[in-house]
Amino acid sequence: MDRNYQKELDALIENNKKDNITPKLMLHACCACCLSYVLEYLSPHFDISVLFYNPNITEPKEYEHRLAEVRRLVSEMSLDRNVVVLEGGEAAGEFFNAVKGLEKEPERGSRCGVCFEMRLKKTAQFALENGCDYFATTLTISPLKNSSIINSIGDTVSKEYNVSYLGSDFKKKNGYKRSIELSKQYNLYRQNYCGCVFSKR
């Protein structure tokens, strides 16, 4: 039976509210559009640091544009708490090495799983280094991505790094629809591909 990650997340939030706890969260962001709803939803309940680490975005101009949009969104949104944006650094070489032999895989194939793992491992590392209670990713908001696979990788990485993974399915509760509304409100750049040259092709 599939886990209901949204139900689990809602229960965690309710328990923390009862206990007056505000955990620290390292939140991986793939782009400003996906980040918009997730920040709106989580910022009342977590002390958030946003990590922009996307080695799959190998074109410098695209990378800088998306990073700038993440920073602009965080600076313009009215949030419950101060949110900082951290950069994991460009790592196109590492990405190409990691997906070697998987270049012709279809979108949502095994190449994507390797990419998810790279990003979640870096997020877990940053969570540890910054004393966070949890790490999570905005990737599960996309209807084009398999949340079960992302969450399964997150759970595995959690055990490897010994830091709790915040499972999610942010497309639930009309999260994806809300992200589109917020993208229009803040006039965010909405890219039409995940970022890697293989998906663009």
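A residue counts as buried when its relative accessible area is under 20%. Keep that cut-off in mind as you explore this predicted model.

**Stop 1: helix H2.** Select residues 32-42, which form helix H2. Ten of its eleven residues are buried, so the rest of the structure largely encloses this helix. To see them, colour Ala 32, Cys 33, Cys 34, Leu 35, Ser 36, Tyr 37, Val 38, Leu 39, Tyr 41 and Leu 42. What covers these buried residues? Among the elements doing so are helix H1 (5-18), strands E1 and E2, helix H3 (60-76) and helix H7 (175-185).

**Stop 2: strand E1.** Now select residues 24-28, strand E1, where four of the five residues are buried. E1 runs parallel to strand E2 (residues 47-52), and five bridges join the two. Look for Lys 24, which stands opposite Asp 47 in E2. Follow the chain from E1 through H2 to E2 and you trace a right-handed β-α-β crossover.

E1 also pairs with strand E4 (residues 134-137), again in the parallel sense, over four bridges. Here Met 26 stands opposite Phe 135 in E4.

**Stop 3: two asparagines.** Most residues other than glycine have a negative phi. Select Asn 20, in the loop between H1 and E1: its phi is positive, near 55°. Is Asn 20 buried or exposed? Its relative accessibility is 71%, so Asn 20 counts as exposed.

Finish at Asn 187, in the loop between H7 and helix H8 (197-200). Asn 187 has a positive phi too, of about 55°, and is exposed with a relative accessible area of 63%.

Key:
Residues are numbered from 1 along each chain as its sequence is written. This is a predicted model: local features need pLDDT of at least 70, side-chain atom pairs count only at pLDDT 80 or more; totals for chains, interfaces and linings use all residues. Side-chain values use heavy atoms; hydrogens and water are left out. Buried means under 20% relative accessible area, exposed over 50%, partly exposed in between (1.4 Å probe, protein chains only). Two strands pair if DSSP finds at least two bridges between them. A crossover is right-handed if, with the strands pointing away from the viewer, the path from the first strand over the helix to the second runs clockwise. Contact means heavy atoms within 4.5 Å.
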